[in-house]
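Please look over the sequence and the model below before reading on. The report that follows goes through charged pairs, a surface patch, a pair of helices and two further residues.

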Amino acid sequence: MDTMTDDLYRDITDFAHDTPSWFQHLAEVWTELGLLLFGVLFIVAWWRARRGDPRALAVAVLAPLATAVAYVGSELFKSVIDEERPCRAVSGALTPLVECPPHGDWSFPSNHSTIAGAAAIGLALAWPRIAALTVPMAVLMAFSRVFVGVHYPHDVVVGLVFGALIVFLLVRVATRPVARITLAMRGSSTGVVKWFAGPGPSRGRGRGAHVPAPSRAPAPAAQPPAYDPAAYDPPTMTIRRDDTQQPR
């Protein structure tokens, strides 16, 4: 008996076969190349965070680690649910654009989509400015798995949500303790450990550093006239008169 997701799978694969060959080839490449691109972005995010505060570095380090945890979780789900691939199970569907995975490589959830959803949210937490790039990347990667014919639509939707949720929760829970660890690593005497943790926020006066304006010292207060002993008569404390200046 066909289900709604079977019908949607057939519609998407029919659409895939109607697209130009160059577009099909692009989808085949993207379904794998996207993973590599996410890996490169993880490295860049970590490198940027090395000069940030310990919390920023903790998030950048946790993002790929939590993505790996999400991947392991999706594999565990696969081993329990044992859903056959649609390229073998859906009757009347066109041949997939890529080779159908062997029996035993189950369909639910999609590992690629799980990694994509986890990486997109992890990178968005570590580097918020690229969320507008990583989230569409993840959605396109998930869609490409149905487009090439190796996953049901519900496989990729669940994979995206599962990966994103796992990373979000792990980063929220582990950021504080990992930040303390990274702070301790920055004070380590081991070169590799200190290099990995980075120098932290720059405190020098390099290019672009804020240099405070020189402060102006307050004007000195007016001082009273100096005491001149010759101008006073000690016995009477009266000012002496200079007779030489009087007219004769």
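## Terms and basis

A residue is called buried when its relative accessible area is under 20%, exposed when that area is over 50%, and partly exposed in between, with a 1.4 Å probe and protein chains only. The model is a predicted one, in which local features need pLDDT of at least 70 and side-chain atom pairs count only at pLDDT 80 or more, while totals for chains, interfaces and linings use all residues. Residues are numbered from 1 along each chain as its sequence is written, and side-chain values use heavy atoms, with hydrogens and water left out.

## Salt bridges

Side chains of opposite charge can pair when their charged atoms come close. Here a salt bridge is a side-chain nitrogen of Lys or Arg within 4 Å of a carboxyl oxygen of Asp or Glu, and a search of the whole structure finds four of them. One of these joins D7 to R10, with 2.7 Å between the closest N and O atoms. D7 is partly exposed at 36% relative accessible area, whereas R10 is buried at 13%.

Another salt bridge brings together the side chains of E32 and R145, at 3.9 Å from N to O. This pair links distant parts of the chain, since E32 lies in helix α2 (residues 21–49) and R145 in helix α6 (residues 131–147), 113 residues apart. E32 is partly exposed, with a relative accessible area of 44%, while R145 is buried at 8%.

The side chains of D105 and R85 also meet in a salt bridge, at 3.0 Å from N to O. D105 is in the loop between α4 (86–89) and α5 (111–126), and R85 is in the loop between α3 (54–81) and α4, so that the pair, 20 residues apart, links distant parts of the chain. D105 is partly exposed at 32%, and R85 is buried at 4%.

## A nonpolar surface patch

V29, L33, L36, L37, V40 and V44 form a nonpolar patch on the surface, and together they have about 460 Å² of accessible area. One of these residues, L37, is found in helix α2 and is partly exposed, with a relative accessible area of 35%.

## Helices α5 and α6

Two packed helices are described by the angle between their axes and the distance between the axes. What are these values for α5 and α6? Their axes come within 8 Å and cross at roughly 175°, and the two helices are therefore roughly antiparallel to each other.

## Two further residues

A126 has its place in helix α5 and is buried, with a relative accessible area of 17%. In space A126 is 9.6 Å from V171, C-alpha to C-alpha, although the two are 45 residues apart in sequence.

T3 is in the segment before α1 and is partly exposed, with a relative accessible area of 38%. T3 and V90 are 87 residues apart in sequence, yet their C-alpha atoms are 9.6 Å apart in space.

Methods
Helix = DSSP H or I, 4+ residues; strand = E, 2+ residues; numbered from the N terminus. Patch = residues over 30% accessible without salt bridge, like charges linked within 9 Å, V, L, I, M, F, W, Y side chains within 5 Å. Areas by Shrake-Rupley, 256 points an atom, 1.4 Å probe, with all protein chains shown as cover. Axes fitted to C-alpha atoms, helices over the stretch in contact; angles between N-to-C directions. Parallel < 35°, antiparallel > 145°, perpendicular 65-115°, else oblique.
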